[in-house]
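Visitor: I would like to take a close look at a single part of this protein and then see how that part sits within the whole. Could you guide me through it slowly, one step after another?

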Amino acid sequence: LYYVSDERLELKGVIPLPGSTVQVCENPRVLEKHPHCFTVSTPERTFYMTGAEIERDIWIQAIDSCIHTRTRAMARSERNISVAQLCSVLPPRSPSPARSRPSPSS
């Protein structure tokens, strides 16, 4: 989930993790403005997130862990697993969205 800003904690949306991937951004144009950017790519769109370098690495590890935990849970049909259980390792401050765009059709 993500919010409008740190001050306005109004829910703006949710990033669906099943079927998603997370990695360090490789887009040179984005990296010019946001050197510590990472992406969360869903089947429908790619979200570009940015923050401090150490936070970026923590977020990548935490989101990747959530993706794999959720995938294993769904494979075992354990659909009652909570977001708190999945994401208990996330840092207290959310990364800032750099931008998002729809994923190209395959």
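Guide: In this predicted model, a polar atom of the side chain of Ser20 lies 2.7 Å from the backbone oxygen of Pro16. Ser20 itself is placed in the loop between β2 (11–13) and β3, and strand β3 (residues 21–24) is where the confidence of the prediction is highest, with a mean pLDDT of 94. Although Ser20 belongs to a loop, the residue is buried, because its relative accessible area is 6%, and the cut-off for buried is under 20%. Leaving aside residues up to four places away in sequence, Ser20 touches Val40, Ser41, Thr42 and Ile67.

Two of these partners, Val40 and Ser41, lead us to strand β4, which covers residues 38–41. Strand β4 pairs with β5 in the antiparallel sense, over four bridges, and the two strands form a hairpin with three residues between them.

Phe47 and Val22 stand 25 residues apart along the sequence, while in space their C-alpha atoms are 9.4 Å apart.

Of its 106 residues, 29% count as buried, and among the contacts between residues at least 6 apart in sequence, 47% join residues at least 24 apart. The accessible surface comes to about 7,100 Å², and 54% of this belongs to carbon and sulfur atoms.

The mean pLDDT of the protein is 74, with 58% of the residues reaching 70 or more, and confidence is lowest in helix α3 (residues 83–86), at a mean of 50. Over residues 78–82 the pLDDT is below 50, and beyond near neighbours in sequence this stretch has nine contacts in the model. Where pLDDT is low, the predicted coordinates should not be read in detail.

Terms used:
Residues are numbered from 1 along each chain as its sequence is written. This is a predicted model: local features need pLDDT of at least 70, side-chain atom pairs count only at pLDDT 80 or more; totals for chains, interfaces and linings use all residues. Side-chain values use heavy atoms; hydrogens and water are left out. pLDDT is the predictor's confidence in each residue, from 0 to 100. Contact means heavy atoms within 4.5 Å. Two strands pair if DSSP finds at least two bridges between them. Buried means under 20% relative accessible area, exposed over 50%, partly exposed in between (1.4 Å probe, protein chains only). Accessible areas come from the Shrake-Rupley method with a 1.4 Å probe; for residues, only the protein chains shown count as cover. A polar contact is a pair of N or O atoms within 3.5 Å; within protein, one must be able to donate a hydrogen and the other to accept it, and residues adjacent in sequence count only if both atoms are side-chain atoms.
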